[in-house]
Every structure is written in C-alpha cells, then in structure tokens.
Amino acid sequence: MTATAEGPAQEMGSPRKRSEDARLITGRTRWTDNMAPAGTLYVAFLRSPHAHARIAGVDVEAARSRPGVVAVFSGADFADEQGALPCAWVVTEDMKHPDHPPMAVDEVRYVGEPVACVVARDRYAAFDALEEIDVDYEPLPAVVDMEAAVADGADLVHEGLGTNTSYTWVFENGDLDAAMRDAPVVLERRYVQQRLIPTAMEPRSVLCVPEGDEFTLYSATQIPHILRLMLATVTGIPEHRIRVVAPDVGGGFGSKLQVYGEEVIALLLARRLGRPVKWTESRSEGNMTVHHGRDQIQRLTLAAEQDGRIRGLKVELLADMGAYLMLVTPGIPLLGAFMFNGIYKMDAYSFTCSGVFTTKTPTDAYRGAGRPEATFAIERLMDELAAELGIDPIEVRRRNWIAHEEFPYDTIAGLTYDSGNYEAATDKALELFEYDKLRAEQADRRERRDPVQLGIGVSTFTEMCGLAPSRVLGSLSYGAGGWEHASVRVLPSGKVEVVTGSSAHGQGHETAWAQITADRLGVPFEDVKVLHGDTAVSHKGMDTYGSRSLAVGGMALYSACDKVVNKARKVAAHLLEASEEDLEFAGGRFSVRGVQQEGRTLQEVALAAFAAHDLPDGIEPSLDSDATFDPDNFSFPHGTHLCATEVDTETGMVKIRKYVAVDDVGKVVNPLIVEGQVHGGLAQGIAQALYEEAVYDADGNLTTTTMADYLIPSAADLPSFTTDRTETPATSNPMGVKGVGEAGTIASTPAVVNAIVDALRPYGVDDVPMPCTPERVWRALRSESQPDTAEPGAGGGLGSAGGAQ
C-alpha cells in the first residue's frame with residue numbers, strides 16, 4: 001500500500017495479507033498450552049465409560065499415593081461449590097432444564113462425562129494415576145435413538161423429569177391448511193442431519209492462576225467476556241475478582257462458544273490448592289466431550305402449484321440435545337426456524353421443534369448453528385420439486401425467489417430481508433460453472449449409459465447473521481444482548497490502539513480492524529494495534545460467533561473512530577482559529593474549507609491534546625473514544641453455489657468435478673480474508689456431505705473417537721474452488737457489510753448432495769443419507785426398490801422419482 005499526498009492509501013477493499021499470520025502459522029505465540037507459570041500443577045479427568053449409570057461410590061485413595069500426585073477429587077468433593085453449568089436460552093416457559101454438574105456426583109449420562117480428577121506435578125503422572133481410581137457404577141439403559149426416546153414407555157435420561165422432551169417450540173404464519181388443501185403437488189420428505197464433531201486445530205486448554213483472592217483464567221475460548229460472567233455466576237466468586245484471557249486461539253467453529261466443566265473445575269482447584277492448574281484435552285478426549293453439532297431429524301411437507309410456485313411449507317423437527325442443555329443448546333435449532341423458507345416466497349409456513357434428551361454428548365453451536373440445517377432442507381426440497389415437475393432446478397428457484405426489486409422484503413418466517421440480488425449472483429455462478437455445457441454432457445452420459453454419471457447440484461441460499469439485535473434476542477428469551485463494544489485510543493505519538501470486544505480465533509480481526517481504523521482516521525495501517533481477548537484490557541464485549549464480528553463489532557469500531565474525529569475536530573478548530581463547521585477532514589488531516597494552508601494532521605491534534613497547553617475551554621485532553629453498537633436488524637448475506645459430481649454407479653465413489661461459489665457479503669473490507677473464510681466454510685460443508693459423522697452404538701458408546709474413525713477431509717480430498725462475489729450492501733449498518741464466516745458451510749452441503757442425487761435420479765434414487773459415503777451411494781443404487789440391474793432411465797428419467805403425495 002502506498003500513501004499519496006492526500007494521505008494514506010485506501011484500506012477498505014484492499015487484499016492486505018493478515019498481519020497476525022506470521023505468529024499464528026509459526027506457532028510463536030501464546031497458546032494456552034504453551035504457558036506454565038512457576039509451580040503449575042496438571043489436571044487429568046477420569047471419565048465415565050458408561051452412557052448411563054448411577055455412581056454408587058468413588059474410591060480415590062490409591063490414586064493419591066501415586067508418585068507426583070498432589071490431590072485427587074471426585075465430583076462429590078466439589079458438590080457444594082461447583083454449582084451447575086449454565087444454559088442461557090430458556091426457549092419456552094415449561095422447558096425442562098436439569099442441573100448439569102461440572103463433575104458428575106450421583107449419575108453419569110454420557111460416555112466421557114467427568115467423575116473425578118487427579119492433580120499432579122506433570123500431566124503424565126496425572127494421567128497415569130487415573131487408573132487407580134475405582135468407581136462403582138450401576139448401569140442404566142442407554143437412550144440413543146431420538147424417535148425411540150419420545151415414544152411411550154421410553155427409558156428416561158433424567159428420571160425426575162418424567163419425559164425425554166425438553167421443550168416443544170412452535171411458529172406459524174399463514175393458513176397452512178388452506179395452502180395444503182387441494183395443492184397439485186405435495187412432497188413429503190424425511191432428512192437426517194447427522195451429528196458432527198467440531199474439530200478445531202487447537203484442542204481445548206485451560207490454565208487458572210490464583211493471585212490472592214483473584215484469579216486469572218486463560219482459556220482457548222471464543223467468549224472471554226461471557227465466560228467470566230458465567231464463572232462468577234456458577235462459582236459465586238465475584239466477577240471483578242476474575243480475569244479471563246483468550247490468548248491466540250486456534251479455531252473454534254462454535255465448539256469454544258461454551259462454558260465447560262473443565263473451566264469451572266480448574267478455577268475451583270486453583271482456589272482450593274492455591275497453585276496454578278492446567279488442563280489440555282487430548283484429541284480423543286475432545287471428540288467425546290467437546291459439544292457436538294447438528295443431529296436433527298427433519299420431517300418436511302411442501303405444497304406447490306403445478307407451475308412450481310410454493311404454496312406452503314411444514315417443518316417438524318426432532319433435535320438431539322444430548323444429555324444436558326449447555327450454554328445455548330436449546331436455541332440452536334430454533335435459529336433455523338427463520339431460515340427454512342430460504343430466499344423463497346410462500347403463503348403459509350409452520351415450524352415445530354422438539355428438543356430431545358439422549359445419553360450422548362450435549363449438542364450446541366457448530367458453524368452455521370441452525371442455518372445449515374434449514375438451508376439443506378429447503379434446497380433439497382427445491383430440487384425434489386423440480387424433479388417432480390420436470391423443471392430445471394434453476395428455473396424452479398427463479399419462479400419462487402424474492403426479486404431484487406422487492407427488497408426490503410418481509411418473509412413468511414417474520415424477518416425483514418433488507419437487501420439482496422439473487423438473480424445477479426445466480427447468473428454469475430451459471431456463467432462461471434458453464435451450466436449449459438455440463439447439462440449437455442450429463443445428457444450425453446445418460447444416453448450412453450456411462451457407469452460414471454454426472455450430477456449437477458444447486459444451492460441458492462441466504463442466512464441471517466450478525467447475531468443481534470438485542471430486542472429480537474430478548475423476544476426469543478435469549479439470556480443476553482447482541483450488541484458489541486469498541487474503544488479507540490489515540491496515543492500522544494499519533495499511533496492508535498483499538499480495543500475490541502470481539503474475540504478472534506483465526507478470523508483475521510487484527511488486520512481487518514486495523515484497515516477500518518486506518519481509513520476512518522486517515523492514519524497508516526502500520527500505526528494501528530488491535531487488542532482483544534482479555535477482560536482486563538477489553539472490559540466490555542459479547543465476543544465472537546454467528547458471523548457477528550464485522551457487522552456488529554466492526555460497526556462499534558466504526559462509530560468509535562467517528563467519535564475520535566469529532567473530538568479532534570474541536571481541538572483542530574481551536575488550533576486553526578476556525579469554526580468547526582468550516583473544517584474538512586480527509587486523509588487524516590483537518591483543513592479549513594477554501595483556505596490554502598497546511599491544516600493539522602490527526603497526529604498533531606493528538607499531541608496537542610496530550611500537552612493540553614492550548615485547548616478550548618471545557619475540552620478534556622484526550623481524543624480517546626468508545627462506542628457500543630446494537631443493530632436494528634440482522635444482516636443477510638446470500639449466494640449461489642453450484643456443484644458437479646461424478647458418481648461411479650458400480651462402486652458408489654463420488655468425485656467433485658467442479659465447484660463454483662458466488663457469494664454476496666455486502667461491502668468487503670479485505671477480499672483475501674473473505675476468500676479464506678469461504679474456502680474454510682466450503683471444506684466443512686462438503687465434509688458434512690461426504691465424510692463426517694459422529695457414530696454411537698446401541699449402548700451409547702461413541703465409536704468415532706479418533707481421527708482414524710472420524711473422517712476429516714484434507715486438502716487432497718477437496719476440489720479446487722472457483723469463487724467470486726456480487727455486492728449488494730446491507731442497509732442495516734453504515735458500512736454496508738454483512739458477514740461471511742458461515743456462508744460456505746451453509747450453502748455447500750445441499751449443493752453436493754443435490755449433485756449426487758441428480759446423478760442417480762435416473763436410477764430411481766431420490767435421496768442418499770449423509771455422509772454420502774461410497775457404501776451409502778452403492779446401497780442407495782441397490783436398495784430393495786432398485787434391482788441390481790438398474791440402468792439409467794429405469795426409474796423413469798428426470799422428474800419421475802419426485803414422490804408426490
């Protein structure tokens with residue numbers, strides 16, 4: 001970037017390389033597990049091998065005598081002080097919410113639940129001593145299947161509740177009965193969103209350091225501010241005596257949007273022992289105990305006219321809560337309630353969700369959090385509708401989507417989409433994809449009965465992100481607001497420190513926030529330092545999740561910068577002996593409109609304010625400013641993703657031949673960061689479609705505890721992506737930004753599955769359960785209804801397998 005005579009070069013929209021990457025990529029930074037103050041003790045947890053059992057007794061005496069062991073505790077030892085882990089989202093007045101102890105005391109309800117801990121001088125001694133702890137378990141029935149869990153006479157996860165249903169939440173708009181009545185086309189489908197395990201590059205890690213009656217807790221967390229408040233609430237330690245630091249954090253994807261029992265126990269151990277204590281999870285331990293994502297059964301009914309126009313949509317969900325409700329567990333599937341309609345117009349909509357307890361690891365937020373599940377359902381249904389009517393999948397979408405001239409648009413799900421242009425994104429995607437050419441190749445392969453069939457999948461999506469505003473969250477009974485805070489400190493030398501309540505874990509905040517500040521204040525990018533992730537430095541914040549960092553946190557920074565300029569304007573006017581109204585501010589310099597003189601730079605004004613030798617009366621000697629931003633609406637990025645797959649009908653092997661993603665995320669601060677977020681999101685969405693699944697056996701044992709069992713794709717397993725953008729600025733914030741962190745994950749899963757089903761539809765296949773492994777594809781081709789000798793066209797061709805009711 002090169003400065004000009006008018007000031008520093010424009011930063012917004014510039015593909016600047018991330019300034020934080022040098023330390024993150026090399027690992028020469030502060031990860032929680034890198035830190036070990038003098039006298040640090042190490043913690044290991046004994047975890048239940050049973051999915052469900054009573055604890056008749058815990059004998060820790062033998063473990064206490066092991067070399068290097070300092071202390072051993074069972075859950076009963078902390079029963080009076082550990083409290084219960086919080087759930088901040090009580091979605092209905094009658095929601096069943098059982099206590100969730102950080103360490104189990106009387107009963108365990110999932111494999112991996114902690115029942116005791118060893119504290120030792122090194123982590124190996126702590127781990128070795130676990131084998132000496134003797135726990136007397138009385139096994140109880142496991143509850144693994146959601147549909148069985150809500151049937152009459154089902155075994156109960158929590159006997160005292162009398163039910164496995166935590167809540168039932170209903171939203172309705174329009175006359176669904178009228179929409180369904182006599183509809184020419186009614187489609188009924190059942191889709192399963194498999195359980196996923198968020199797999200951040202850095203495992204969870206906690207270090208708690210006592211300092212008299214105060215405690216500093218370092219944690220690989222996304223939510224230092226929320227964690228601090230919740231730790232105080234759970235333990236009774238005053239909030240102002242707790243400092244939470246999220247040092248550099250190696251990814252989260254929602255899994256670190258949580259208050260975990262290990263964090264609570266680390267704090268209590270540090271208080272009890274008066275020594276720093278640290279715990280870092282192993283990968284297999286993390287697969288069992290980090291909260292999981294997705295895990296829904298979706299029953300869907302869509303009614304449409306003969307021309308493909310949607311009349312109504314009915315959604316019935318069973319959502320697996322796991323054994324307990326964690327921080328936002330019950331609300332995650334409800335975020336999808338506002339997105340099942342997608343980008344489409346319809347007359348009526350009904351959504352019902354029941355949260356179900358099982359003896360499995362609790363679920364909670366995972367990248368997209370409710371929106372990917374909704375997008376998958378409606379985009380699969382749109383392809384099914386196209387097949388039923390013999391209409392091209394793009395055309396059926398065009399007949400139903402909100403046209404660009406109709407924005408702002410009030411949706412059937414009760415949201416107001418402020419801006420969008422689905423036509424432009426789709427047209428660009430079709431051009432990049434060479435859609436007509438691929439359709440012609442597909443027809444040729446079908447005609448030749450090629451054993452490797454070509455499928456084309458479409459996903460046109462939108463999402464609500466920038467998790468806010470506070471009033472809306474309050475109406476949904478969420479326990480906090482959606483605002484964000486930022487401070488800007490102008491130092492005497494003219495350098496700038498930005499303090500943000502957003503807590504980065506790999507998104508590039510330090511670079512993007514410096515770019516915003518450089519442009520708003522007219523200072524060089526290199527003169528801006530961004531501080532975050534420490535409640536002693538950033539005292540206010542709502543942290544990072546839900547693609548809210550830029551649309552909410554970035555806007556708080558934008559407002560704080562404007563306040564700095566307004567403060568500086570008063571000082572500059574005094575120094576230039578002019579009225580404030582006559583001053584112009586551009587390129588970091590104040591000048592008098594129409595007067596040829598040098599003016600004053602922001603740095604000069606900052607030094608004058610610091611010296612305070614000649615300030616206007618009543619003006620404080622500081623330009624420092626802060627701002628809290630609470631948006632009036634969500635933001636709604638959108639896009640069109642197209643996927644071409646080659647499916648070997650003899651082996652079931654799926655290969656992604658081509659993938660095009662055209663996203664609209666509003667105004668872009670840094671296109672390199674946007675592209676990186678899209679690529680990462682695509683990897684995770686494709687992984688759900690083809691590779692990843694958390695599998696439990698009938699006894700409630702997680703069988704995918706290692707990366708040998710839980711398949712995460714590498715770069716070699718993924719195609720090269722073609723990405724591009726359209727730009728429709730948001731109207732909900734002055735920068736016009738939307739959000740990009742979850743878009744790729746939300747859009748890609750249905751695009752891939754639609755492509756696979758499109759390849760197989762001539763064989764009579766209209767669904768393949770995720771993940772679409774070669775075995776599942778092969779079995780779909782050879783199901784009881786499809787003989788082994790099936791050939792292209794045996795199912796009647798495109799449009800014959802839609803299954804109209």
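## Fold, domain interface and backbone features of a predicted model

The protein chain holds 20 helices and 28 strands, where helices (H or I, at least four residues) and strands (E, at least two) are DSSP runs numbered from the N terminus. This is a predicted model, in which local features need pLDDT of at least 70 and side-chain atom pairs count only at pLDDT 80 or more, whereas totals for chains, interfaces and linings use all residues. Residues are numbered from 1 along each chain as its sequence is written, and side-chain values use heavy atoms, with hydrogens and water left out.

Along its principal axes the C-alpha trace spans about 90 × 75 × 50 Å. The radius of gyration of the protein chain is 28 Å, which agrees with the value near 28 Å that a compact globule of 805 residues would have; the radius is taken over C-alpha atoms, and the globule rule is 2.2 Å times the number of residues to the power 0.38.

An automatic or database domain assignment divides the chain into domain 1 (32-140 + 199-288), domain 2 (419-465 + 635-785) and domain 3 (468-629). The centres of domain 2 and domain 3, taken over C-alpha atoms, are 40 Å apart. In their interface, 16 residues of domain 2 are in contact with 14 residues of domain 3, contact meaning heavy atoms within 4.5 Å. About 1200 Å² is buried between domain 2 and domain 3, with carbon and sulfur atoms giving 67% of that area; buried area is the accessible area (1.4 Å probe) that two parts lose on being put together, summed over both. On the side of domain 2, V669, I673 and M735 lose the most area to domain 3, together 41% of what that side buries.

Between domain 2 and domain 3 the count is zero salt bridges, a salt bridge being a side-chain nitrogen of Lys or Arg within 4 Å of a carboxyl oxygen of Asp or Glu. By this rule the overall count comes to 65 salt bridges. One of them joins the side chains of R657 and E441 at 2.8 Å, N to O. Because R657 lies in strand β27 (residues 654-664) and E441 in helix α13 (residues 435-448), the pair ties together parts that are 216 residues apart in sequence.

| Cis peptide bond | Omega | Loop holding the proline |
|---|---|---|
| F407 to P408 | near -5 degrees | P408: between α11 (393-398) and β16 (409-410) |
| M770 to P771 | about -10 degrees | P771: between α19 (743-760) and α20 (774-781) |

Most residues other than glycine have a negative phi, and most peptide bonds are trans. D543, a residue other than glycine, has a positive phi near 75 degrees and is found in the loop between β21 (528-531) and α16 (549-576).
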